[in-house]
Amino acid sequence: MRVFSGIQPTGAMHIGNYLGAIKQWVAMQTTGSVYCVVDLHALTLETEPALRREQTLDAFASLLAAGLDPSVGPVFLQSRVPYHAQMNWLLECVTSFGELGRMTQFKEKAERQVGHRVGLFTYPVLMAGDILLYETNQVPVGDDQRQHIELAREIAIRFNNRYGDTFVVPEAVLPAVGARIMDLQEPTRKMSKSVSSPLGTVYMFDGPADVEKKIMKAVTDTDGEVRYDPDAKPGLSNLLEIFSALSFESPVDIAARYQRYGDLKRDVADALNAELAPLSRRYRELRSEEGEIERVIDEGTATAAAIAAPVYHRAAHAMGLL
Ligand code: TYM
C-alpha cells in the first residue's frame, strides 16, 4: 500500500494544512508512505529566491515537528527528483486544455494573478505526475485538492487504456472532519496561505496568546444557540470542526455540551494550544539545525528517486520513447 502526498513551501503552515492534511500524513505514515515538499509547484507564485529557500527549510521543519519520521518513510524535495518534471511533460501530452480549464483552483488563482503564467494552468498535471510516479494507492489531502486527484485518476486511466497498464489509479483520502477548515473572520471562505487574513488564519506555530486571541474573535452569529449546522452557522460549525478534529468527538456531541459561545471558544483555544505547543517547541529546535534538515532531504530524495525511476521509464517506454 503506497500513500503519497505533497505540500507547497509557500509560507507558514496553518491549522487547515495541519488538520486537513499533515495530521493525517502522520497517522498514515508507514514504510510505504512517501511525502514531498513540492517546491516546483511553488514556483507558480512569485517569491524572492532567498525567501523561497527559507520557506523550503521551514516546510521540512514543520513536517518533522508535526511528527513525520523520515526513518519510517522518505520526506523529500520534489525538485531534487528530476522525474517529476519529466513525467509532467509526458502527462501534458495526454491531458486536454478543456479539462485543465475546468479546474476550480486554476480559475480562482487566475483571477488573483496578473500576467498569467502557463505553470498555473498546467499545475494539476505536475501534481498528477507526483502521484503516479510512486504507484500511489492513497492520497491524504484536504477537500480543495479533491478535484486535482480526480484528474490524476482520469489521466492514469486514459494512459493505461491508450498505452497499456502502466499506472496505479490513486484515490483521495479526506479526514472525516477538518477537510475544509474555514477562515475565522470569513467562515464561508477556506483558510488559505495565499489570501492574507491575519485574524482569520491560525498558524501552526502561533504562540498561545495569538491562538487564543484569534479563536475568541472568530466570527460567529447572533442566534446564541450552540448547534452544528455548517450552512446556517458556518463560523460556529467551523469552531466545532476544529475541536472535533483535535478531540475525535463528533461536532454534534461537542455542541450538545455547550450553552455559550464564549465557553466553547475558550475550550477550542485550549485544545489547539495543547496540541500545537509541543509542535512549536520541536519546530524551533529543528529550525536551528539546518544540517539535520539537509540530511533528511538528501536521504529522502535518494529513496524517492529509486521508486520513481522505474515508473518513469516504464511510462516513457509505453509511449514509444526509445
Ligand atoms: P497546499 O500546499 O495548498 O496544501 C497542503 C494540504 O493542506 C490542505 N489544506 C486544507 N485542508 C483543510 N482546510 C483548509 N483550509 C486547507 N488548506 C489547505 C490541502 O488540501 C493539502 O492537502 N496541490 C497541492 C500540493 C500537491 C500535492 C501533490 C498534494 C502537489 N503535488 C500530490 C497531493 C499529491 C497543494 O497546493 O497543497
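Me: Helix axes are lines fitted to C-alpha atoms over the stretch in contact, with angles running from 0 to 180 degrees between N-to-C directions. With that in hand, at what angle do helix H1 and H12 pack, and how far apart are their axes?

Reply: Helix H1 (residues 15–28) packs against H12 at an angle of about 80°, and the two axes lie 13 Å apart. That value falls in the 65 to 115 degree band for roughly perpendicular (under 35 is roughly parallel, over 145 roughly antiparallel, the rest oblique), so H1 counts as roughly perpendicular to H12.

Me: Which residues make that contact?

Reply: From H1 come Ile-15, Tyr-18 and Lys-23, while H12 brings Leu-272, Glu-275, Leu-276 and Leu-279. Contact means heavy atoms within 4.5 Å. By class, the H1–H12 contact has five nonpolar residues, no polar ones and two charged ones. Here Ala, Val, Leu, Ile, Met, Phe, Trp, Tyr, Cys and Pro are nonpolar, Asp, Glu, Lys and Arg charged, and the others, Gly among them, polar.

Me: Before going on, what sort of model is this, and how is it numbered?

Reply: The model is predicted, so local features need pLDDT of at least 70 and side-chain atom pairs count only at pLDDT 80 or more, whereas totals for chains, interfaces and linings use all residues. Residues are numbered from 1 along each chain as its sequence is written, and side-chain values use heavy atoms, leaving out hydrogens and water.

Me: How many helices and strands does the protein have?

Reply: The secondary structure comes to 13 helices and five strands. These are DSSP runs numbered from the N terminus (helices H or I, at least four residues; strands E, at least two).

Me: And what makes the protein as compact as a globular protein of its length?

Reply: Its radius of gyration is 20 Å, close to the 20 Å that the globule rule gives for 322 residues, so the protein is as compact as a globular one of that length. The radius is taken over C-alpha atoms, and the rule is 2.2 Å times the number of residues to the power 0.38. The C-alpha trace spans about 70 × 45 × 40 Å along its principal axes, and 52% of the 322 residues count as buried. Among contacts with a separation of 6 or more, 75% are between residues 24 or more positions apart.

Me: Why is H9 called roughly antiparallel to H12?

Reply: Their axes come within 9 Å and cross at roughly 150°. That is over the 145 degree cut-off, which makes H9 roughly antiparallel to H12. On the H9 side the contact uses Pro-208, Val-211, Glu-212, Ile-215 and Met-216, and on the H12 side Gly-262, Lys-265, Arg-266, Val-268, Ala-269, Leu-272 and Asn-273. Sorted by class, the H9–H12 contact residues are seven nonpolar, two polar and three charged.

Me: Why does His-317 get its accessibility label?

Reply: His-317 has a relative accessible area of 62%, so it is exposed. It belongs to helix H13 (residues 290–318). The C-alpha atoms of Glu-212 and His-317 are 56 Å apart.

Me: What about the backbone and accessibility of Glu-135 and Phe-248?

Reply: Glu-135 has a positive phi of about 50° although it is not a glycine, and its 29% relative accessible area makes it partly exposed. It lies in the loop between helix H7 (118–132) and strand E4 (138–140). Phe-248, also not a glycine, has a positive phi near 65°, and at 69% it counts as exposed. Phe-248 is in the loop between helix H10 (234–247) and helix H11 (251–256).

Definitions and conventions: Buried means under 20% relative accessible area, exposed over 50%, partly exposed in between (1.4 Å probe, protein chains only).
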